[in-house]
Structures are given as C-alpha cells and as structure tokens.
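Open the model in your viewer and keep the selection tool at hand.

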Amino acid sequence: MAEKLFSKYSRDNKWLSVADFFRLCEDLLGPESKNRKGELQKIYKKFNTCKNDRMTAEEFQGCWDQWINKLVNPKTALIIIDVQNDFISGSLALKNCAAGEDAAEVVPIINKILEDHQFDVVVYSKDWHPRDHISFIENVGARDRHPTCKFRPEDVNINDEYVFDTTPPTKQILWPMHCLQDSEGAKMHPDLKIVPDHIVTHKGTRPDFDSYSAFFDNMRASQTDLHERLTERGITDVFVCGVAFDFCVKYTALDARNLGYGCVVIEDACRGVDGKMIAAAREEYRKSGCLLKTSKQLGEYLNREVGHPEMVH
C-alpha cells in the first residue's frame, strides 16, 4: 500500500514535495485535512529526515508505518481500569479519599459506552495483590526502611510516601490492604457489563512492586502482557476509563502514548482520589498527547471510515 501511494503521488517515483504530501493526505483523510495543514507540515518535516523538502520512498515508508497506516486502518481498544469492589465500596473506596468521588458512578457510564460503541477489543484491568504486597500499610514493618525516609513504621499513615531500602530505593505511597488475589474485594463490580472475548490484565501481582499502569510496574522492572496482546490484534488507538483518574488511569494512558498508541481518556467515565492531583493529571495528559473527552464525544473518534488525525502524533 505504501509503495503504491508513493508511486501515485511522487515526482518521477523519486520524492514527495510538501504539496504532494498534502494532496495524498487530502485524498486519504478527506476535506478536514485542509484545515490541518500546519500539523501535516510538521508530520512531513518529522519524517523528511534529510530536511530537503524531498521525502524519499524510504522516508515515506516510515511515515506510513508510524502515522498514515494508523489513520487508514485504525483498530481500537477500550481499557477499563480497576472497576473493582474494593475501590467502590471496600477498603479503598474512592468516596472515602480526599476528593470524595464515588467510583460507583462510572459503572453505568461505562456500560452505556459498551452498549453504544463497538471496539475491536475490550480490556479489563485488575489490581491483583498478594497479601504481603509492598503498598499495604499493614506490611510497612516487613521491609527495611531507607535512611532517607522521613517516616518511621510506627508513625506512618495512609497516603504517606514511604521509602524502602531496596536497590534502587523504592518510594511507595501506602494504602490499606485491598484487592487481594481471589478475594471479594478484587472482583469486578457486579453491575459492570462484561463483554465476550475480552482481555483481563492483572497488575501488582509481585510482592515487592506496585503497578499503577496496566502496562508496567512502577519501577519498570517488569511489564504485563497487555502491550503484546494489543499488538497481536493490531490495535492502534486506546480509550481509557475507570479508577482512579489521577493514578492507575493516568499511568496507563501515559504508558499507552509512550508505546505509540493514540489515546483518549474518557473523563466522565473516571473518578479520582485527590482534587489537586486530578488537576495536575489533566495537565500531564495534555502534555503527553492524550485527549480528554467525554463519553458523548466518542462517536467523533469511533464512527469513522478512517482514524481521527488527533489520535496520531
């Protein structure tokens, strides 16, 4: 496909000018590309590595692989983060956290998203902790304290950042025991719609590593199988929702962008932990290229013959 496009739009089958590239994008993406010439010019310059305004076949192949193909052949995943009993009505219920937000409110919104829209795959992530997990305040005395830690085990409180004496040192926000493997609290909320042929990703499964992201643990010592499974299905764009907006949703979305996915965070289908951290998270999303949208705006990004140009950066 890339070779045919290059042959059709290039000069003597040797190179594409900026004008040729604009014409190619307009034919592929439709009239809206005319309103995005500034962005298209940046894309052209990014892949015209010789910086001579003559994009070669090899340079165009890179542009195809990393940008155009994702628009022409978009495949989508809905990633539903940690809609589990303990975060809704259990030991770490969000309504008892600083922001006072009720995580149960995301359930009907997510259900409606699943009813109204078709995704190529739906992912459910689950915190899945062993009883001796490093994030549990109940276990704070079980590991050595790093000399830089300003707390002693007997003085530490929930939400404090404790430093464990590991190599390198592990900075860990402490939480009450939650989402124990095979426990009632680790189950998905009973009203959450579970679709056929879904993927379940377990995170935080190792005792000495917490994992906010559905892709990696916090220390980057290991990763889940989620990226591999999405890659196998050719997924280009992810839509992320669930809890918490300023923790697990955020780190999943940021990692998705770093891994090359287009990413939309569905803000009304998320709830957060702390008001200040929620505000800071919005800025982090924007800087990373994640789009913040509501569930009512999803049709603009899903009901298209080609992908939305904003989804690929």
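This is a predicted model: local features need pLDDT of at least 70, side-chain atom pairs count only at pLDDT 80 or more; totals for chains, interfaces and linings use all residues.

The lining of the largest cavity divides into eleven nonpolar, four polar and four charged residues.

**The whole chain**

Now zoom out and colour by secondary structure. The chain has ten helices and eight strands. Its C-alpha trace spans about 75 × 45 × 35 Å along the principal axes. Of the 313 residues in the chain, 53% are buried. Next, look at contacts between residues at least 6 apart in sequence: 70% of them join residues at least 24 apart. The accessible surface comes to about 15,000 Å², and 46% of it belongs to carbon and sulfur atoms.

**The largest pocket**

Move on to the open spaces. The largest pocket holds about 310 Å³ of space. Select Lys171, Tyr212, Asn218, Met219 and Tyr251, the closest to its centre of the 19 residues that line this pocket. Then highlight strand 4 (170-173) and helix 8 (248-258), which each supply at least two residues of the lining. Which element gives the most to the lining? Strand 4 does, with four residues. By class, the lining of the largest pocket has eight nonpolar, four polar and seven charged residues.

**The second largest pocket**

Select Lys70, His227, Thr231, Gly234, Ile235, Thr236, Leu259, Gly260 and Tyr261. These residues line the second largest pocket. About 160 Å³ of space lies there. Its lining has three nonpolar, five polar and one charged residues.

**Helix 3**

Go to residues 37-47, which form helix 3. Show the side chains of Leu40, Ile43, Tyr44 and Phe47, the buried residues of this helix. They are on the same side of helix 3, because they cover an arc of only 100° around the axis. An α-helix has 3.6 residues a turn, so residues three or four places apart point the same way.

**Two cis peptide bonds**

Select Thr167 and Pro168. A cis peptide bond joins them, with omega about -5°. Pro168 lies in the loop between strand 3 (161-164) and strand 4. Now jump to Val243 and Ala244, where the peptide bond is also cis. Omega is near 0° for the bond from Val243 to Ala244. Ala244 is found in the loop between strand 6 (237-243) and helix 8.

**Positive phi**

Pick Asp182, in the loop between strand 4 and strand 5 (199-203). Phi of Asp182 is near 65°, a positive value in a residue other than glycine. Is Asp182 buried or exposed? Asp182 counts as exposed, because its relative accessibility is 68%, over the 50% cut-off. Next comes Arg220, in the loop between strand 5 and helix 7 (226-232). Arg220 has a positive phi of about 60° although it is not a glycine. Arg220 is partly exposed, with a relative accessible area of 47%.

**Last stop: Gly289**

Find Gly289 in the loop between helix 9 (275-288) and strand 8 (291-293). Gly289 counts as buried, at 12% relative accessibility.

Notes:
Residues are numbered from 1 along each chain as its sequence is written. Side-chain values use heavy atoms; hydrogens and water are left out. Ala, Val, Leu, Ile, Met, Phe, Trp, Tyr, Cys and Pro count as nonpolar, Asp, Glu, Lys and Arg as charged, and the others, Gly among them, as polar. On a 1 Å grid over the protein atoms alone, a cavity is a set of points where a 1.4 Å probe fits but cannot get out, and a pocket is an open set with protein on both sides within 12 Å along at least five of seven lines; lining residues have an atom within 4 Å of a point. Grid points are joined across faces, edges and corners, and a volume is the space filled by probe spheres set on the points. Buried means under 20% relative accessible area, exposed over 50%, partly exposed in between (1.4 Å probe, protein chains only). The arc is that of the directions from the helix axis to the C-beta atoms. Contact means heavy atoms within 4.5 Å. Accessible areas come from the Shrake-Rupley method with a 1.4 Å probe; for residues, only the protein chains shown count as cover.
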